[in-house]
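Colleague: I would like to learn how to read some features of a model. Please show me one at a time.

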Amino acid sequence: MTARAQLKNFAVWVDGRGYAGNAQSYQPPALALSTEEFRAAGMDGPIRIDTGMEAMSVTITLTELSAEVQKRFGLVRNGRTQITARGSVEDFDGTVHAELHSMRGTIVRVGPGAWQPGTPPTLEVEMSLDYFRQERDGDAVVEVDLINMKRVIGGEDQLAARRDAMGI
């Protein structure tokens with residue numbers, strides 16, 4: 001049985017420079033809550049309480065030793081490095097969906113792959129994120145802005161009341 005939807009292709013941009021045809025893989029960030037177990041009198045077991053989010057990161061493998069990307073290693077300027085990933089996801093009925101990931105952060109690791117004659121060189125890039133937004137067909141699915149304390153999931157800002165309570 002085939003999947004109901006398949007990623008047909010994708011392209012990546014780093015600070016506006018396109019790497020279509022030169023991006024071998026892209027690992028989107030995992031969203032995970034940092035939690036703490038809590039159990040009080042009268043409870044039959046512990047529950048996990050949201051204490052914020054775990055760190056977000058993204059990994060991209062390029063099939064070129066891009067000096068432009070390597071020069072962004074560790075840079076913290078003008079709102080950090082911007083990465084955009086666009087994907088084409090097709091349902092089994094032929095409907096095509098546009099998937100857009102917009103990210104901002106700091107490149108924390110660049111590692112060239114092994115050099116082998118006759119094969120393209122690779123450059124693996126890991127970026128620690130402070131901002132991530134996912135859209136499907138132009139509709140926001142997720143928007144996480146760690147610095148500005150925003151976590152919007154399905155249109156609901158889960159941290160709005162906390163910011164209001166703090167006056168920010």
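Modeller: Start with the polar contact: a pair of N or O atoms within 3.5 Å, where, within protein, one must be able to donate a hydrogen and the other to accept it, and residues adjacent in sequence count only if both atoms are side-chain atoms. Here a polar atom of the Arg163 side chain lies 2.7 Å from the backbone oxygen of Met149. This is a predicted model, in which local features need pLDDT of at least 70, side-chain atom pairs count only at pLDDT 80 or more, and totals for chains, interfaces and linings use all residues. Residues are numbered from 1 along each chain as its sequence is written, and side-chain values use heavy atoms, with hydrogens and water left out.

Colleague: Is Arg163 buried or exposed?

Modeller: Buried means under 20% relative accessible area, exposed over 50%, and partly exposed in between (1.4 Å probe, protein chains only). Arg163 counts as buried because its relative accessibility is 13%. By contrast, Ile49 is partly exposed, at 38%.

Colleague: Which residues is Arg163 in contact with, leaving aside its neighbours within four places in sequence?

Modeller: Contact means heavy atoms within 4.5 Å. For Arg163 the list is Asn148, Met149, Lys150, Asp157 and Ile168.

Colleague: How many bridges join strand β1 to strand β7?

Modeller: Strands are DSSP runs (E, at least two residues), numbered from the N terminus, and two strands pair if DSSP finds at least two bridges between them. Nine bridges join β1 (residues 5–14) to β7 (residues 81–91), and the two run antiparallel. One of the pairs is Ala5 with Asp91 in β7.

Methods: Helices (H or I, at least four residues) and strands (E, at least two) are DSSP runs, numbered from the N terminus.
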